[in-house]
Amino acid sequence: MLVAITIVTMTLGNMLAIFQNNIKRMLAYSSIAQAGYALIGLVALTGDGAGASMFYLLMYVVTNVAAFGVVVLVSTQAESDDMRDFYGLSRRAPYLALAMLFALLSLGGIPPTAGFIGKFLIFKAAVDAGLWWLALIGVLNAFIGLYYYLTVVKYMYLYRSDEESVRIPVSRAAGVALGLAVFGILYLGILAGPAFEWTREAGQAFFPF
């Protein structure tokens, strides 16, 4: 039953996210898919699997701070949540576009971000538990997610907007928060060892084998 829930959660979340034009709604459906990925580690029923799920959730929190932080700043300025508001963002607010780029790459599981390590760990836990086919379904779903994440990247860097001359104000507090979130995304992607050992030890408390 847990395996079925995992597969349905991943697939349904991704399929619904593809057809969204509202950036917040897209990230919300994407969150459903991300929860499905995190469940893969629990399905493995091992300490490493539980640790991988905890690491994935840690990665997800840091990544979503960056993603939703940028979305809030852009949507506040545009007074809407439409994805078209991200057209030409790299010209209006290059630092916001860069923060969003790292967040989307992390959600999509592209190195050297935390999301890549997170997906690698949960898929490895599934393979080690003999659930290679579940890991394969997860990989295929990750490719689906990568499609709509990169669509936003395309909007930011390749599309033009009539509002390119209108700058998006970013407070010092928001800038610091986004900077720390991006640092966390890269740190957990490049130096993930200590964090994973910490979550792995916690996972051993649930599955001490």
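This is a walk through a handful of spots in the structure, stop by stop.

Before you click anything, note that the model is predicted: local features need pLDDT of at least 70, side-chain atom pairs count only at pLDDT 80 or more, and totals for chains, interfaces and linings use all residues. Numbering runs from 1 along each chain as its sequence is written, and side-chain values use heavy atoms, with hydrogens and water left out.

**Stop 1: L2**

Start by selecting L2, in helix 1 (residues 2-18). Helices here are DSSP runs of H or I with at least four residues, while strands are E runs of at least two, numbered from the N terminus. L2 is partly exposed, at 39% relative accessibility. On that scale, buried means under 20% relative accessible area, exposed means over 50%, and partly exposed is in between, using a 1.4 Å probe and protein chains only. Setting aside neighbours within four places in sequence, L2 is in contact with L39 and V43. Contact means heavy atoms within 4.5 Å.

**Stop 2: two positive phi values**

Next, go to L45, in the loop between helix 2 and helix 3 (47-78). Its phi is near 55°, a positive value in a residue other than glycine. L45 is partly exposed, with a relative accessible area of 46%.

Then jump to E79, in the loop between helix 3 and helix 4 (89-92). Here too phi is positive in a residue other than glycine, near 60°. E79 counts as exposed, at 72% relative accessibility.

**Stop 3: T63 inside helix 3**

Select T63, which lies in helix 3. T63 is buried, with a relative accessible area of 0%. Show the side chain of S106 as well: a polar contact of 2.9 Å joins it to the side chain of T63. A polar contact is a pair of N or O atoms within 3.5 Å; within protein, one must be able to donate a hydrogen and the other to accept it, and residues adjacent in sequence count only if both atoms are side-chain atoms. Beyond four places in sequence, T63 touches A103, S106, L107 and I185. For a sense of scale, draw a line from T63 to D48: they are 15 residues apart in sequence and 22 Å apart in space, C-alpha to C-alpha.

**Stop 4**

Move on to P112, in the loop between helix 5 and helix 6. Look at the peptide bond joining P111 and P112: it is cis, with omega about 5°.

T113 lies in that loop, between helix 5 (94-108) and helix 6 (114-128). T113 is buried, with a relative accessible area of 0%. A polar atom of its side chain lies 2.4 Å from the backbone oxygen of I110. Not counting residues up to four places away, T113 touches F102, L105, S106, I185 and G189.

**Stop 5: helix 6 and its partners**

Two packed helices are described by the angle between their axes and the distance between the axes. Colour helix 2 (residues 23-43) and helix 6: they pack at about 45°, with their axes 7 Å apart. Axes are lines fitted to C-alpha atoms, for helices over the stretch in contact, and angles run from 0 to 180 degrees between N-to-C directions. Helix 2 and helix 6 are therefore oblique to each other. Under 35 degrees counts as roughly parallel, over 145 as roughly antiparallel, 65 to 115 as roughly perpendicular, and the rest as oblique. To see the contact, select Q34, Y37, A38, I40 and G41 of helix 2 with K119, I122, F123 and A126 of helix 6.

K119, F123, A126 and V127 in helix 6 meet W132, A135, G138, V139 and A142 in helix 7.

**Stop 6: T199**

Finish at T199, in helix 9 (residues 193-204). T199 is buried, with a relative accessible area of 4%. A polar atom of the T199 side chain lies 3.1 Å from the backbone oxygen of G51. Show M54 and F55 too: leaving aside neighbours within four places in sequence, T199 is in contact with G51, M54 and F55.
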